[in-house]
Amino acid sequence: GLAAQRRVDPDRPKRPTSAYLRFLSEFRSQKPADLSGKDLMKAAGAEWKALPAERKKPYEAAYEKEAVVYRSAYDQYVSSGKKDAFKRDPDKPKRPLTGFLRFVAEKREQNKDAKPTVLTKEA
């Protein structure tokens with residue numbers, strides 16, 4: 001079967017595109033289309049590693065510029081309480097008790113004055 005998809009909060013701000021992904025999109029538009037996806041990624045990775053720092057600067061600068069905006073938007077999102085509200089789902093059913101926990105709860109009902117550790121040792 002298919003794995004369950006993670007729920008995505010529509011109110012959460014989108015992360016900025018990384019410097020490498022910016023480079024990759026530009027690399028894809030410049031390279032010939034006859035390269036397969038795997039070969040294209042290998043070539044792009046090798047070129048990114050070989051790229052001198054001053055050539056990486058424009059990609060990193062664009063990322064940093066967007067990252068500042070993202071951080072402020074994310075801080076605002078967290079402080080508004082939307083993140084916590086999204087994390088806890090009020091309709092989510094609680095997980096059922098395991099057999100052992102049901103057994104211990106039953107024992108606890110019978111011996112209300114005993115300590116829980118004593119009950120589990122007796123069982």
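Select F103. In this predicted model, F103 is partly exposed, with a relative accessible area of 35%. F103 sits in helix 5, which covers residues 99-110.

**Next stop: D9**

Go to D9. Look in the segment before helix 1, the helix that spans 19-30. Is D9 buried or exposed? D9 is buried, yet D9 has no salt bridge. Select R12 as well. R12 is the nearest side chain of opposite charge, and R12 is 7.0 Å away.

What does the side chain of D9 meet instead? Show Y77. The side chains of D9 and Y77 are joined by a polar contact of 2.2 Å. Then widen the view around D9. Setting aside neighbours within four places in sequence, D9 is in contact with Y77, K82 and F86.

Side chains of opposite charge can pair when their charged atoms come close. How many salt bridges does the count come to? The count comes to one salt bridge. To see a salt bridge, select R22 and E66. Their side chains meet at 3.0 Å, N to O. R22 lies in helix 1 and E66 in helix 3 (residues 53-79), so this pair ties together parts that are 44 residues apart in sequence.

Colour the two partners by accessibility. R22 is buried, with a relative accessible area of 18%. E66 is partly exposed, at 38%.

**Last stop: Y59**

Stay in helix 3 and pick Y59. Y59 counts as buried, at 13% relative accessibility. That value is under the 20% cut-off, which is why Y59 gets that label.

Now show A19. A19 and Y59 are 40 residues apart along the chain, and their C-alpha atoms are separated by 4.7 Å. Next, show E26. The side chains of Y59 and E26 make a polar contact of 2.8 Å.

Which residues does Y59 touch, not counting residues up to four places away in sequence? Select A19, R22, F23, E26, W48 and L51. R22 is on that list, and R22 is also the salt-bridge partner of E66. Keep Y59, R22 and E66 on screen together to finish the tour.

Conventions: Residues numbered from 1 in each chain as written. Predicted model: local features only at pLDDT ≥ 70, side-chain atom pairs only at ≥ 80, totals over all residues. Heavy atoms only, no water. Helix = DSSP H or I, 4+ residues; strand = E, 2+ residues; numbered from the N terminus. Buried < 20%, exposed > 50% of the residue type's maximum accessible area, 1.4 Å probe, protein only. Lys, Arg positive; Asp, Glu negative; His and termini not counted. Salt bridge = Lys/Arg side-chain N within 4 Å of Asp/Glu carboxyl O. Polar contact = N/O pair within 3.5 Å; in protein donor to acceptor, adjacent residues only side chain to side chain. Contact = heavy atoms within 4.5 Å.
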